[in-house]
Amino acid sequence: MPSLDLTMSSIDLTRTICDIDSVSDREGPLADLIEESVSAVPHLRVTRHGDTIVARTELGREQRVVIAGHIDTVPINGNVPTRFETIDGVEYLWGRGTVDMKAGVAVQLKLAAELAEPVADITWIWYDHEEVSEAKNGLNRLSQTSPELLAGDFAILGEPTRSQIEGGCNGNLRAEIRTRGLRAHSARSWVGDNAIHKAAPILDRLAAYEARSVEVDGLVYREGLNAVGITGGIAGNVIPDECMVHVNYRFAPSRSAEEAVAHIHEVFDGFEIEIVDLAAGARPGLDAPIAQHFVAAVGGTPMPKYGWTDVARFSRLGIPAINYGPGDPVKAHADDERVPVEQITDCERGLRAWLTGADS
């Protein structure tokens, strides 16, 4: 596998790393190339933790910024190798990972190599297993084994935001709501108790639910409570004794994880509830002076991040964090995943201006 040339354009670098398969659990070869390329940069101190690469400047600056991006993708589905295409006069780079989030990773790699004298010390992190379970997540592992590497005054996640700032993120909860009944032969259904029928009130409550729009530190987050799955039934001639409705709750960062759980119990009072996944959100983090400086450098109007991202990890550590990267999040994981090439250069330009003080 060829070495990564960090002198190429961020667009060409995006294409190069997108054409390297790094589906979750297969990040090793790309991690090897990233480690090799940044280890050759004299102003970076590089360490590796599994398939997570950390590269730090140590200039003694008053502030430290953590800039991170994940190197894994969801499975490939006929969308590699990448290609350029033009739609309605807009040039795109098409292919798996172009949006989520190798374009952001490419920008970070290029700047890590070129910025020997940034205005703040920088910890660059390229991590594995973001697209899968929390237990495998590279940032999660770092927080447990080497938390000092996550320390900083401000953090930027290269998640796709159309190269605009998206502050914080919603929290995420998944719950299994169950009903119980009694099995019986369907020819004599009256001697049984149909658990699927008893789930009707759960669906009624979901259909009637009015999700909130909540303003948090000047950004308006939209919540959502939805059924995302339902299971029940044993056989075509058996009255089912159990039914489960899988519910997903996206909640504003003003609500704690504990408050979100309490809300689910309130909405589904009287039913058996099991919380199977829970992650608190993150407040926008835009009130810190360093964040305000970043907003001024990048320009535009900050927006909320509706999905959950690893900014929440930094928020828990008391570090203000934002999402900023090329690509429309609507195209993340899509079979026609594609990023406007202009957004790649816009992201590079914004980060470069802020990190070099050229915006001052």
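**Sheet and helices**

Biologist: At about what angle does helix H5 run to S15?

Modeller: In this predicted model, local features need pLDDT of at least 70 and side-chain atom pairs count only at pLDDT 80 or more, while totals for chains, interfaces and linings use all residues. Residues are numbered from 1 along each chain as its sequence is written, and side-chain values use heavy atoms, with hydrogens and water left out. Helices (H or I, at least four residues) and strands (E, at least two) are DSSP runs numbered from the N terminus, and contact means heavy atoms within 4.5 Å. Helix H5 (residues 200-208) lies across S9, S13 and strand S15 (242-251), and its angle to S15 is about 20 degrees.

Biologist: What angle does the direction of helix H6 make with that of S16?

Modeller: Angles run from 0 to 180 degrees between N-to-C directions, and the axes are lines fitted to C-alpha atoms, for helices over the stretch in contact. Helix H6 (residues 257-267) packs on the sheet and touches S9, S13, S15 and S16, its direction making with that of S16 an angle of about 155 degrees.

Biologist: Which strands stand at the edges of the sheet?

Modeller: Two strands pair if DSSP finds at least two bridges between them. The open sheet has 4 strands in the order S13-S15-S9-S16, with antiparallel pairing. One side of each edge strand is left without a neighbour in the sheet because each has a single partner strand, and these edge strands are S13 (224-232) and S16 (272-279).

Biologist: Which residue in the turn between S4 and S5 has a positive phi?

Modeller: Strand S4 (residues 83-87) and strand S5 (residues 90-94) are antiparallel partners over 5 bridges. The two form a hairpin with 2 residues between them, and the turn residue with a positive phi, about 50 degrees, is Asp88.

**Helix pair**

Biologist: What is the handedness of the crossing of H3 and H9?

Modeller: Helix H3 (residues 98-114) packs on helix H9 (residues 341-356) at an angle of about 40 degrees, with their axes 10 Å apart. That makes H3 oblique to H9, given that angles under 35 degrees count as roughly parallel, over 145 as roughly antiparallel, 65 to 115 as roughly perpendicular and the rest as oblique. Among the residues that meet are Val107 and Leu111 in H3, and Ile344 and Leu351 in H9. A crossing is left-handed if the near helix is turned anticlockwise from the far one by less than a right angle, and right-handed if clockwise; that of H3 and H9 is right-handed.

**Salt bridges**

Biologist: How many residues apart in sequence are the parts that the pair Glu166 and Lys305 ties together?

Modeller: The side chains of Glu166 and Lys305 meet in a salt bridge (2.8 Å, N to O), a term for a side-chain nitrogen of Lys or Arg within 4 Å of a carboxyl oxygen of Asp or Glu. Glu166 lies in strand S8 (residues 166-167) and Lys305 in the loop between strand S17 (303-304) and helix H8 (311-316), so the separation in sequence of the parts tied together is 139 residues.

Biologist: Is Glu166 buried or exposed?

Modeller: Buried means under 20% relative accessible area, exposed over 50%, and partly exposed in between (1.4 Å probe, protein chains only). At 5% relative accessibility, Glu166 counts as buried.
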